[in-house]
Every structure is written in C-alpha cells, then in structure tokens.
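Subject: Structure for your files

Hello,

Here is the structure I said I would pass on. My notes on it follow below.

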Amino acid sequence: MSLLELDGVSVRYGDRRALDGVRLAVAEGEIVCVLGPSGSGKSTLLRAVAGLTPVAGGAVRLAGRDLRGVPAHRRGLGLMFQDHQLFPQRDVAGNIAFGLRMRREPGERVAARVGELLALVGLPGAERRAVATLSGGEQQRVALARALAPDPRLLMLDEPLGQLDRDLRERLVVELRQLFGRLGSTVLAVTHDQGEAFALADRVVVMRAGRVVQVGAPVEVWRRPANAFVARFLGFRNVVTATVGGGEARTPWGPVPAGSTADVGPGERAVLVRPSGVRLSAVGDGPSGAALTGTVAARTFRGDHVLVLVQPAGGGPELEASCALREAPEVGATVGVSLDPDEVVVLAGEPTDDQRLDQLP
Ligand code: ADP
C-alpha cells in the first residue's frame, strides 16, 4: 500500500493555481523526487502535504488516513525546508533535540538519540558545537538529523542540498541515498536540479505549472521524456519539430529513421536526438558516409566527454554531439554528421510545446 497519496490535490493563491489536480503515490520505503523549474509548484506540493498551506481541492492521505484538519505538527512528518533554518542561539544538540523536547521525552533518551543521529549523519561528537561554527555542509547534516530525530513516517526535503557547492552536493547525495536505504526511510524531496533528483530518487516526478507531466524511474524518464518540455528541462538541446510517418522523421537536419512511433502516431511531432546519437566524422579523409556536414561552433568539456555544438551547413538548428575526449573536433572544423536511429526519440505531446519552451527564462 502507498504510505502517502495525493488524490487530485489543488492549491490556489488568489486566482493563481499553484497546484492543479495533482495525483501522486509514494510507497513505504520509497524515495520520490519532485523535479521542475522554479515556480512549477514543487514547494507548494510539499507545503500542502505538511499542512502548511491549505488545500483547495482533493485529498492528502498518509497510511490511508485523510490529513484534512490535522495540524502540521501532528502529521508525523520530518521536514527539512529551506525556510526552517537552524536556531542560531542553540548548539547542535539543542537543534536536533528540539522536536524530541517538544514531545517531553526524558533527557537521557534525548541525549542518546542525539548522539546516535550525529553518528548517522557523519558528525559524531558535535553536540556542543555552536551552529555558527559549522560549514554549510555540516549545517545541512544537522538539519537532516533534526528532521530524522522524531523518527518520522515520511521525511520531506525541500532543495536539501540547494545551498551547497557542486562537489559537496554530489558527495552528499550519494550518502543520503545510502542512509535512507539503511534506515528504510520513505522520502519525498523536491529539487530543481535533475542530477540531484536522478541520483537520489527511486522515482522522479516532473512538474510544470502546477501539474505532474511525467512520473517514472530515473532511467525511464531519461530514456523516454514524456514530451518536449521534459526533454528540454532535462538539458537535451536537440529537440525539434519533425514530420513523422512511414518509419521516418523528417527533421530540419534531414530524414532520420524513427522506428517506434507506434505509441505516438504520425504527424507533426517533437523529436529528440540524444547527443550520444550524433556521430561526427572528419571531412576530407575520403567518403564519410554522412548526409550532413557542419562547422563546429563550440566545445564544452564535461569531464569524461566533450559536448560539441555543430552548425549544419544547410541551415537548421545547431546540433549537440557527445564525443569522447580524444575524438572531439576543434572549433571551426568542418565535420560530417550522421544520426543514430537508436538515439532518435519521437515524443508525445504537441510540438508547439517546444516553441513555448524557447520563451521560458
Ligand atoms: P517551486 O517550488 O516549483 O519554485 P512554488 O510552489 O514555490 O514553486 O510556487 C508555485 C507558484 O505559486 C508560483 O507561481 C509562485 O509564484 C506561486 N506562489 C508560491 N507561494 C505563493 C504565495 N505565498 N502567495 C502567492 N503565490 C505564491
């Protein structure tokens, strides 16, 4: 059974619908990450579950119980929210123990639990440290320990690693996933960072303008974005409108075989070409077999690969190609381009979605 269920939940701020009929289920022990651009309703969703924002329609249920009318502090939730900062005047132990003291737990039990939690989040013995002396990453760990302290049924995290620098975020996200797995925690987290969501979650939920646009395991969402919006949001650049039919997608870059369109159907469609499916070859060393040529406009080093932007000679949008370090051509080079049909995905939804996307900030 699902631990948490949102059944058609809507939230309004005046005339504005911040959440619009959201349906979502989180199973016991599952880590679900809500992902979406700023303003898509992620925080509102968490606040509605937490009981911090009134729900205009639909129901929120925890373990089958309707939470309507249940105040926030009686919902059995652990919250780690951006606007719930640590108390600067209390030491680390005082911060972590806050919820336990509110429940009037005996002092020795509280002290033992604080010690256990500090060990769990990798800060053993930090009880008496002042909050102001902690680094950003350490503060985040203390906030997590505080949220875990009352042993909540559901842990809710709002941009848990948002304030930290990239390197630390990447390390902490792995630690968090291991920790939640060990504890068997059920987690609902929101983030605008897809890397973080994909690394942390068992399932991701992509939101746009108060609605859920896709739910799936990270690999499913990555392989098959539900529409042009999701594809663009995940950082894919090669998303264009194409005419699809007869096993082929006629793109601005020329025709590409597009096998599995069965679930999408023929017509004007948004098509994604993954950068790993854009193959570049040197021009001038004999026949390249490529239908398209272009000029390398930019290169971005990405650690284990290079993203190369190619301006096609015949016009059309720039194509992004993912190349091995050694094979990445120089800026200004003329290259042949061929597209791997296995990396071409015909997307559902209106292709015009794509144009509206270009107008997003
Ligand atoms: P996200 O967390 O995805 O950035 P939010 O849930 O914060 O999105 O906001 C969703 C929408 O609701 C946005 O359009 C935002 O401007 C609006 N909104 C959020 N909080 C309030 C509020 N307290 N009053 C009015 N509008 C709000």
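Asp 340 counts as buried because its relative accessibility is 15%; buried means under 20% relative accessible area, exposed over 50% and partly exposed in between, with a 1.4 Å probe and protein chains only. Asp 340 sits in the loop that runs between β19 (334-339) and β20 (344-347), where helices (H or I, at least four residues) and strands (E, at least two) are DSSP runs numbered from the N terminus. Its side chain makes a polar contact of 3.2 Å with the side chain of Arg 279. A polar contact here is a pair of N or O atoms within 3.5 Å; within protein, one must be able to donate a hydrogen and the other to accept it, and residues adjacent in sequence count only if both atoms are side-chain atoms. Not counting residues up to four places away in sequence, Asp 340 touches Gly 277 and Arg 279, contact being heavy atoms within 4.5 Å.

This is a predicted model, in which local features need pLDDT of at least 70 and side-chain atom pairs count only at pLDDT 80 or more, while totals for chains, interfaces and linings use all residues. Residues are numbered from 1 along each chain as its sequence is written, and side-chain values use heavy atoms, with hydrogens and water left out.

Arg 237 is in the loop between α9 (228-233) and β11 (239-245). With 43% relative accessibility, Arg 237 counts as partly exposed. Leaving aside neighbours within four places in sequence, Arg 237 is in contact with Arg 232, Leu 309, Glu 318 and Glu 320.

On the domains: the chain is divided into domain 1 (4-223) and domain 2 (231-355), with bounds from an automatic or database domain assignment. Their C-alpha centres lie 38 Å apart. Domain 1 gives 11 residues to the contact and domain 2 gives seven residues.

Then the ligand. Its shell, taken as residues with a heavy atom within 4 Å of it, includes Tyr 13, Arg 16, Lys 42, Ser 43 and Thr 44. The largest share, three residues, comes from α1; β2 (16-27) and α1 (42-50) each supply at least two residues. Ligand oxygen atoms lie 2.5 Å from a polar side-chain atom of Thr 44, 2.8 Å from one of Ser 43 and 3.0 Å from a polar backbone atom of Gly 41. The protein covers 61% of the 560 Å² of accessible area that the ligand has on its own, by the Shrake-Rupley method with a 1.4 Å probe.

Regards
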